[in-house]
Structures are given as C-alpha cells and as structure tokens.
Amino acid sequence: MVTEKEVQHIAGLADIGITTEELGTFTSRFNEILDYFDVLDRVQGEGPASCDLSNVMREDIVEPSLPQEEVLKNAAAQEDGFIKAPRVM
Amino acid sequence: MAAHEITFEPDDRYNAFLTTCKKAPHGDGKLGGIAVAVKDNISTRGIETTCGSKILKGYIPPYDAHVVELLKKSGAAIAGKTNMDEFGMGTTTENSAFGPTLNPCDTTRVPGGSSGGSAAAVAAGMVRMALGTDTGGSIRCPAAFCGIVGLKPTYGRVSRYGLIAYANSLEQIGPMAQNVSDVSLLMQVISGHDRRDTTSYTRPYTHTPSPDIKGIKIGVPQEYFGAGVDRNVAEVTKRAIFRLEELGATTVPCSIPSMEYALAAYYVTCTSEASSNLARFDGVRYGPAADTKKSWHDAYREVRESGFGTEVRRRIMLGTFALSSGYYGKYYAKAQVARENIKKDFSRIFSDVDVIAGPTMPTIAFKLGEKSDPLSMYLADILTVPANLAGIPAISLPCGKVEGMPVGLQIMGKPFEDERVIDVAYAYEQAVG
C-alpha cells in the first residue's frame, strides 16, 4: 500500500502537480493498479540476455540542421536568440 | 513535388480530426492524390501536432516525421491530423484533451483507442487511408471496434523518427484502411530503413497480397478464448478461423502461459518509458509558457499540472514509482523477465505454426463513459499487448458482428513476416467478400 504522502512524493519527483482534491482518488487508483502488478512477484526466469546485436556507429559528420529561428518558433519565452528557462538558483 | 492539391472539407460529425487541411497539396506517385489522415502524435511540418494534449496546443513541428516524408514523396495528400487519447494513453479516445471521438458504427460507443480518430475517419469514409500508432493495441483496437483493417508492423520495420515518443520499445507506426489491399499499399510506402531511428531495420515491404493460404498452419491459443473474453466475440472469431480452414489452412491448439503476466509487464514497461519520455514537456521549448520568474521545479509542476490530463499524470507517476530506488527490482526488472518469457512462448509456438489467430479485443466497443476506472480500461488490452511485448506483426480485420457492432480477427506472425499476416487476412477478406 502506498500512502497519500508517498503519492505526493512521487508526484514531486516527476514534477507533476496534483491538487489536494485529487490526492485521495490518485492514491486509491494507484493502489488498485499496484495490487494488480503484484502478479509479477510470481514470474520465474531470467531477464533478457545480452543479444547478438552490436552497435552501429557512424562518423561524426557536420550536417545542415534547423535554422535558429525555426527552433525558437515554438518557445514561449526568448531572449537574444536563446530559449529562456525558469530560474535554477 | 506538390504540383496539385485536393480540397478536404469533411463532415466530421464524429470528432475524428483535430486539424483538417482544407487545401491539401500532393504530388504524383503510388498514392498520388489520395487523402491520408495522420494521427496527431506524428510530426507534420507546418501543421499543428498536439498528441491530443493541452501541453502541445499550438505546437507546429519544424520538420516532418520520416513516414510523412515518405507519404509526400508517394504523392499522398495529408488531409489532417486525427484525434487520439492524450499521448496514446488510453483504449477509447475519451482521454483526448479535445473531446472524445465517436464510433461511426454507433455514436453512443467509443471508437477504441488510442488511434480512434484515424479509425473513425476511415470507417466513415472521410479518408481512404490513415496512419495510426500501436504501443499496446492502439491501431488494432480501434480497427476492431470500427470495423476496419489495421496493421501493427514488426518492430523496426517502420521508422519512428518524428513520432512523439510514449514508449519507444513497444510502439510502431502502422497503416489503417477499409481493406487489406490498401493497408498493404500504405505499408509499402511507409516501411524501410531510416538511419534517424536507431531501431530501424533494412526490411522494406514490397509485397502484394496473395489469397493462397493452402498448407498454412494456424495456432489458436486457448488464452484468447478463455476467461474475460465475451462468449459471442469468441464464437464469431472461431467461425472466422474455421473459414480459414476451409480455405486450406490447418489449425492447432496452443497455449501462451506467460499471458498471465503480459498485462502487468506491459503497463510497468510503458509507464516507465513514458515517465522518461514525457519529462521533455516543461513549457520551455514548446507548449504553454512556463513562468520563468519562478524556480524551475515550481514552474514545471504548474505547467505539467494544467497541461497533462489525469491519465497521463497517473502513468508518469506509475513509471516514476516503478523505476524508483527500492521498487525497480519488484516492478521494472520483473516486467523485463516476463517480457522475455512472452518472447520465448511466441518463439516456441512459431517453431510449429506460421501464424497465431484469435480475437483482437475481448468485447465489442464500450459505451462512452463505460470504463470509468483505469484498471478495467487496462484489462481490455490483454489480447493486444503480447504482440508489442514480443515485437511481432499483428493485424486486425473485421470478421463479423455482435449486437450489430464489428468484431476484429487478430492474426499475429513471426518477426518480419508481415507479408504472411497480410496474406492470411487477405485470404479471409476475399473469401467473405
């Protein structure tokens, strides 16, 4: 069983806001689903073996990319040709 | 390339489209002048692409997905973007932020999901073909519920470049149409290698359907006709498989014991991948603006609370939990063991049979609002998720009706034998006319 406090903690980890009104329902649905996931406790066997595929490497070649104005077109906040992000400090 | 244009102004009474292109340019080629609808999680240069989510409202991709480039090269006219469960998370298309799509066969019922808009657009005759995406049944479920044909290709056969990711290891873009020939034609156009998708194989599909299935061996898994599967749906599907026997195929009973864990393994895997993939939606590079005056945790939390619907937030949180320290071993690691067991079950069965057949969905289309709790909605995916976990091709085609609603016959094949899956479907379709 996860508690409302734990659900709030997970929401925090994922940067997902949930309202106080939603918290109860979120928690009970969460527990119903986790109860169902308990079937995995009975799984026997081994995980995927390292397969016989190998990495496909390519040369690092400079290629044309999207122009700056195209990249910025969908960003809500910009400054001097850069995307503006929220405060970090 | 775009020398001509078509006018596309459909009567969209089913809310199948989120965007329509009134004047849709097109060139010449295999699909010259054919209107093709594209699911709204596939990037289309210059055409709004929202994934059915408020968090991408107004987002105009600066580039085309690989499949869209291929559609344009083949002369297709991109007619519009179709409605879907937000980010593909749902089985009914009711989870769209822009309202549900209605089932053209009965407007009190859901069209299935998550590619419900694409299925409804094809079923209602608004377009001849559409692209969907299938992470755990999202092409096959709406194809079954709306009475059309939909193929989930072998993982790696169609490039995912430009598909806005939900669960990378499971999802494929695939064709949807009213008949097997059109599904096959669209598959010819969209398949093949693309170096921009690291999981892309060099296995182009150049096949033309053949109705000759004499000597084909069909496995019939008991789990596809057991508990939870509506008796009438099972009966209609069995009759369809009997029809395949009349056409020269043989059937053998088989069993997929790992199905017991399939649904849990699927939901743990897809939510884990989603929790990582959907971290990019933070209102900085696209989507509704994050408040840059606030600290980044507060700003992101606000944008994601108002931008994501309940089911999307639930799945991101489930995935975050399944990957978190102390729970990883119990959930994610176990799900990967279960996934391996499912692959082994399929490869054991396929050492004896050519294809596996059963119903696509355990029931006919639900009434709108019928599946109100998430777990009962998840359980409806039990017959479709195994093919995604194993990466194998699977098609759904109409095979009869129950209570006036279409039932889908699902044919699953060996990896990279999409051609054989198409042939068996084509043989059935030709025989029933």
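View 1. B:Val149 stands opposite B:Ala177 in β8(B). The model is predicted: local features need pLDDT of at least 70 and side-chain atom pairs pLDDT 80 or more, whereas totals for chains, interfaces and linings use all residues, and side-chain values rest on heavy atoms, without hydrogens and water. Residues are numbered from 1 along each chain as its sequence is written, while chains are lettered from A and ligands numbered from 1 in the order of writing. Helices (H or I, at least four residues) and strands (E, at least two) are DSSP runs, numbered from the N terminus. β7(B) and β8(B) run antiparallel and are joined by two bridges; two strands pair if DSSP finds at least two bridges between them. β6(B) is also antiparallel to β8(B), with six bridges joining them, and B:Leu131 has B:Pro175 as its bridge partner in β8(B). Six of the six residues of β8(B) are buried, that is, under 20% relative accessible area, with exposed meaning over 50% and partly exposed in between (1.4 Å probe, protein chains only). In a regular strand the side chains alternate between the two faces of the sheet. Here B:Gln172, B:Gly174 and B:Met176 point one way, and B:Ile173, B:Pro175 and B:Ala177 the other way.

**View 2. Helix α4(B) and its cover.** Helix α4 of chain B spans residues 180-190, and ten of its eleven residues are buried. Among them are B:Val183, B:Leu186, B:Met187 and B:Ile190. The cover over the buried residues includes α1 (66-73), β6 (129-134), β7 (149-152), β8 (172-177) and α12 (418-432) of chain B. At the start of α4(B), a side-chain oxygen of B:Asn179 comes to within 3.3 Å of the backbone nitrogen of B:Ser181. B:Gly192, with a positive phi near 120 degrees, follows α4(B).

**View 3. Packing of α5(B) against α12(B).** Helix α5 (residues 231-246) of chain B packs with α12(B) at an angle of about 95 degrees, and their axes are 10 Å apart. Axes are lines fitted to C-alpha atoms, for helices over the stretch in contact, and angles run from 0 to 180 degrees between N-to-C directions. The two helices are therefore roughly perpendicular to each other, a term that covers 65 to 115 degrees, with under 35 counted as roughly parallel, over 145 as roughly antiparallel and the rest as oblique. B:Ala240, B:Arg243 and B:Leu244 of α5(B) make the contact with B:Val424, B:Tyr428, B:Ala431 and B:Val432 of α12(B); contact means heavy atoms within 4.5 Å.

**View 4. Surroundings of B:Lys81.** B:Lys81 belongs to strand β5 (residues 77-82) of chain B. B:Lys81 is buried, with a relative accessible area of 0%. The side chains of B:Lys81 and B:Asp40 are joined by a polar contact of 3.4 Å. A polar atom of the B:Lys81 side chain also lies 2.9 Å from the backbone oxygen of B:Ile42.

View 5. Strand β13 of chain B covers residues 405-413, and nine of its nine residues are buried. Strand β11 (residues 355-359) of chain B runs antiparallel to β13(B), with five bridges joining the two; B:Pro359 has B:Leu409 as its bridge partner. Seven bridges join strand β12 (residues 394-402) of chain B to β13(B), also antiparallel, and B:Pro398 stands opposite B:Gly408. β12(B) and β13(B) form a hairpin with two residues between them, and B:Glu403 in the turn has a positive phi of about 50 degrees.

Note on methods:
A polar contact is a pair of N or O atoms within 3.5 Å; within protein, one must be able to donate a hydrogen and the other to accept it, and residues adjacent in sequence count only if both atoms are side-chain atoms.
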